[in-house]
Amino acid sequence: MRGLHLDCGILTLRDDLPEPESRTDWTRVQVAVAGICATDRALARGYLDFRGVPGHEFVGTALDGPLQGRRVVGEINAGCGACGACATGDSRHCAQRTVLGIAGLQGALAERLALPTANLLVVPDAVDDEAATFTEPLAAALHVADDVDLAAHSRALVAGDGKLGLLCAMALQLHGCEVTLAGRHPERAALLRRPPAFARGWLEAVPAERGPADHFDLAVEATGDPTVLARLLPLVRPRGTIVLKTTAEQPAEIDLGPFVVRELRLVGSRCGRFRPALDALAGGLVDARGLVSARYPLGDGVAAFQHAAEPGVLEVLVRCTA
Ligand SMILES: [Zn+2]
Ligand SMILES: [Zn+2]
C-alpha cells in the first residue's frame, strides 16, 4: 500500500506499507482526501517519537462492514472497548486508546486506514470531500462549548489565526459569542462569514499594542506557543476562563499567582464529537473551504508537508486516492 511514513522525524513516501488489518467491529476505509495539520508537522519534527503513517483529518469510503460503500469521516480515538470510558461510548479518555496517525494507529495519509466502526459517521451529500476533512478540527473547536457555558462568556478572545484558531472563532460565533481574533494575519478575519474584530501584536513577546485589561470573559489559546498563555491572563476578567486548545512541544514556564488572585479558570480541551461538526458543515453554518491553501496528490506527499510548513499556509490537503 502507498502512503507517507514517519520514522524518527524522517518522512518518506512508501509503496510497501502493510494494509490495515480487517478486525471484528472495525472498518477499513479507502481514504479520499486527508489534511496535514500542525500536529502532523510536529510529529514530523519528532514530537511524541511517532513511527508510522501520520494523518488524522480525512474523508473516505468504507470498504467493509455495515457502512460499506458509504462516504465516511471518523473520530480518531480507538478505545479498548472494555473500560469505564469505553462503556459510556466515549473512547477519548480510554487509558489503552490508540489514536489515528498520532499514537499506535496507522493514520490517514495513505491509501487505506482502519478504525472501529463505531467511530465512523456517514458524510451528508451537502458536505463535499474537502469540507469533510475539516470535521475533525471543527469538532475540536466546537468542543469548547462542552466545557464552558458560552452564554456566560460572550466576550471571547481567540489567540492564534491558524486553522484551529479560525475554526475556534467560527465555533464561538455559532454559539453567539462576540469574537476578537488575535494573530499576525489581519486578512484572515475575512475568511469568516462574519469577520471578527482583529487584534494584531497583542500576543508578541514584546507587544506592539496592549490589549484591554480585564476585558474578555473567555480566551482560547490556539497558537501552540507555550509563552502565549501568560500574556492572555491580564486580558481576561476576574473569574473568567482560559481554554487551552493546543499542545506545545516545549513546557511553559508561568507564574500561577494570577490564577489564584483573579480566580481564573483554566480548561484543557482536546478532541470533540463529530456529530455537531458534521451538522454545522451540512447546514452551511460553517464554511471552512476558504482555509485550503494547496492540494497535492499522495505521490507528492513529502512536498505537501514541506508546503504546509511554509509561513502563511493554512491547510494543505492530500488526495490519497482518485
Ligand atoms: Zn489535527
Ligand atoms: Zn477503553
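Strands β3 and β9 pair in the antiparallel sense, over five bridges. Within this pair, R28 has A114 of β9 as its bridge partner. The model described here is a predicted one. Strand β9 covers residues 112-116, and five of its five residues are buried, so that the strand is mostly covered. The loop between β8 (104-105) and β9 contains A110. A110 counts as buried because 30 C-beta neighbours lie inside 10 Å. Leaving aside residues up to four places away in sequence, A110 touches M1, R2, G3, L4, L17, V31, V53 and C320. By contrast, 46 Å separate the C-alpha atoms of A110 and R239, which are 129 residues apart along the chain.

The domain assignment divides the chain into domain 1 (3-139 + 272-319) and domain 2 (144-268). The centres of the two domains, taken over C-alpha atoms, are separated by 26 Å. Contact between the domains involves 16 residues of domain 1 and 13 residues of domain 2. On the side of domain 1 that touches domain 2, α1 and α4 (135-142) each supply at least two residues.

Helix α4 is largely enclosed by the rest of the structure, because eight of its eight residues are buried. These buried residues are T135, E136, P137, L138, A139, A140, A141 and L142. Among the elements that cover them are the strands β4 (57-62) and β5 (71-74). The cover also includes the helices α3 (129-132), α5 (144-147), α6 and α9 (274-282).

The largest nonpolar core has 93 residues, of which L138, A141, V158, A159, C168, A219 and V220 touch the most other members. Helix α6 (residues 163-174) gives the most to this core, with eight residues. Both domain 1 (3-139 + 272-319) and domain 2 (144-268) give residues to the core, so the core lies between them. In soluble globular proteins, nonpolar side chains tend to be buried together. One of the core residues named above is A159. Not counting residues up to four places away in sequence, A159 touches G165, A182, L203, A219, V220, E221, A222, T223, V228 and L232.

T223, one of the contacts of A159, lies in the loop between β14 (216-221) and α7 (228-232). T223 is buried, because 26 other C-beta atoms lie within 10 Å. With residues up to four places away in sequence left out, T223 touches A159, G160, L203, V228 and T246. The C-alpha atoms of T223 and R200, 23 residues apart along the chain, are separated by 13 Å.

Strand β14 belongs to an open sheet of six strands, which has the order β13-β12-β11-β14-β15-β16 and parallel pairing. The edges of this sheet are β13 (197-200) and β16 (265-268); each has a single partner strand, so one side of each is left without a neighbour in the sheet. On average, and with direction ignored, neighbouring strands of this sheet are turned by 20° against each other. Strand β12 (residues 178-183) runs parallel to β13 and is joined to β13 by four bridges. In β13, A197 is the bridge partner of T180.

A second open sheet consists of three strands in the order β6-β7-β8, with mixed pairing. Here β6 (77-78) and β8 are the edge strands; each has a single partner strand, so one side of each is without a neighbour in the sheet. Strand β7 (residues 98-100) pairs with β8 in the parallel sense over two bridges. L100 stands opposite L105 in β8.

Helix α10 (residues 301-308) has buried residues at G301, A304, F305 and A308. These four residues cover an arc of only 100° around the axis, which puts them on the same side of α10. An α-helix has 3.6 residues a turn, so residues three or four places apart point the same way. The cover over the buried residues of α10 includes the strands β1 (3-7), β2 (10-14), β3 (26-36), β17 (292-297) and β18 (315-319). Helix α1 (38-44) is also included in this cover.

Technical notes. Residues numbered from 1 in each chain as written. Chains lettered and ligands numbered in written order. Predicted model: local features only at pLDDT ≥ 70, side-chain atom pairs only at ≥ 80, totals over all residues. Pairing = 2+ DSSP bridges. Axes fitted to C-alpha atoms, helices over the stretch in contact; angles between N-to-C directions. Core = buried A, V, L, I, M, F, W, Y, C linked by C-beta atoms within 7 Å. Buried ≥ 20, exposed ≤ 12 C-beta atoms within 10 Å, placed from the backbone. Domains from an automatic or database assignment. Contact = placed C-beta atoms within 7 Å. Arc of directions from axis to C-beta.
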